[in-house]
Amino acid sequence: MSQALTALLQLLDLEQLEQDMFRGQSRSSVVPRVFGGQVAAQALVAAGRTVPADRHAHSLHAYFLRPGDPGAPIVYTVDRIRDGRSFTTRRVVAVQHGQPVFHLSASFQTYEDGLDHQAPMPPAPDPETLPTSDERLRDYGHLDPHVVAKFQSSREAVDLRYVDEPPYGRFGEPREPHSQVWFRTNGKLDGDIDVPLLHVVLATYVSDMTLLDSVLLAHGRGGWAVGDVVGASLDHAMWFHRPFRADEWLLYDQESPSAHGGRGLGQARIYTRDGRLAISVIQEGVVRVPRR
């Protein structure tokens with residue numbers, strides 16, 4: 001396991017303050033606020049720790065309310081909304097400096113057999129044939145070295161490989177609002193930590209990294225890295241359909257059906273390497289063109 005992955009797992013390992021109350025640390029990200037994927041992942045950890053181990057997360061719905069301060073801890077309070085025979089529902093409020101910054105509802109279910117079908121996996125090249133994030137970033141002489149360093153630091157724990165050029169790599173002309181990324185953790189997950197909730201939490205963390213890329217592609221924008229848009233996540237929803245491992249390759253197939261009114265919508269499906277549909281994701285974010 002890489003040192004960066006160990007540090008990420010420590011970041012996601014919350015301190016329990018009392019029953020149904022937890023505290024998580026924060027760290028700097030590529031933008032001057034707490035990375036949204038961190039808050040969502042920590043909130044899911046908090047919810048999961050109040051749920052029996054035989055009930056697995058099947059969905060989450062979240063709102064980003066305020067920018068998080070990367071220099072201060074976040075307190076997560078869990079409400080035990082319902083404990084049914086098959087489903088368990090939790091609500092989590094993340095508070096920082098006395099104000100709510102994030103709200104999450106999550107549902108957990110015991111395993112059961114049922115009807116089964118899925119959308120087919122789209123074609124994509126083998127992940128090992130694609131350049132790593134570091135290899136791509138080294139070729140982008142137009143990016144500020146400080147920006148490149150932030151990208152490299154934020155993604156050390158995850159091996160994330162774009163199928164095509166990311167928005168900040170080639171911009172200026174509109175492209176198809178579709179993006180594909182392969183990802184996995186930078187190291188194997190084993191031993192006592194290797195539980196289903198951890199894989200779901202890590203996928204939640206990564207899911208916020210690239211989902212609005214397709215909005216930028218549609219308009220030929222490079223994003224915050226080149227300063228031609230400003231934005232932030234507004235809400236985030238995920239449905240966990242089938243078991244998967246975050247330390248094995250997952251294809252993140254993303255597209256944007258709409259942008260309007262200063263907001264852009266991204267939707268995606270995450271597939272295992274052998275073609276099973278593991279997760280569906282939808283996110284809306286603020287995407288504004290800076291005023292000159």
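In which loop does Glu156 lie? In this model, which is predicted, Glu156 is placed in the loop that runs between helix α4 (145-154) and strand β7 (158-162). Glu156 has a relative accessibility of 47%, and therefore counts as partly exposed, a class that lies between the limits of 20% and 50%.

On the surface, Glu156 gathers with Asp134, Glu135 and Asp139 in a patch of negative charge.

## Aromatic pairs and a cluster

The count of aromatic pairs, taken as rings whose centres lie within 6.5 Å, comes to eight. One of the pairs is formed by Trp182 and Trp249, whose rings are arranged edge-to-face, with 6.5 Å from centre to centre and 85° between the planes. This pair links distant parts of the chain, since Trp182 belongs to strand β8 (residues 178-185) while Trp249 sits in the loop between β9 (230-240) and β10 (250-260), 67 residues apart. Trp182 is buried, with a relative accessible area of 3%, and Trp249 is likewise buried, with a relative accessible area of 3%.

Tyr140, Phe151, Tyr162, Tyr168 and Trp224 come together in one aromatic cluster.

## Ser59 and Met238

Ser59 has its place in strand β3 (residues 55-64), and with a relative accessibility of 7% this residue counts as buried, because the limit for that class is under 20%. Although Ser59 and Met238 are 179 residues apart in sequence, their C-alpha atoms are 5.4 Å apart in space.

Technical notes
Residues are numbered from 1 along each chain as its sequence is written. This is a predicted model: local features need pLDDT of at least 70, side-chain atom pairs count only at pLDDT 80 or more; totals for chains, interfaces and linings use all residues. Side-chain values use heavy atoms; hydrogens and water are left out. Patches are made of residues with over 30% relative accessible area and no salt bridge: like charges are joined within 9 Å, nonpolar side chains (Val, Leu, Ile, Met, Phe, Trp, Tyr) within 5 Å. Accessible areas come from the Shrake-Rupley method with a 1.4 Å probe; for residues, only the protein chains shown count as cover. A salt bridge is a side-chain nitrogen of Lys or Arg within 4 Å of a carboxyl oxygen of Asp or Glu. Lys and Arg count as positive and Asp and Glu as negative; His and the chain ends are not counted. The place of a charge is taken as NZ of Lys, CZ of Arg, CG of Asp or CD of Glu. Helices (H or I, at least four residues) and strands (E, at least two) are DSSP runs, numbered from the N terminus. Buried means under 20% relative accessible area, exposed over 50%, partly exposed in between (1.4 Å probe, protein chains only). Rings of Phe, Tyr and Trp (its six-membered ring) pair if their centres lie within 6.5 Å; planes under 30 degrees apart count as stacked, over 60 as edge-to-face and the rest as tilted.
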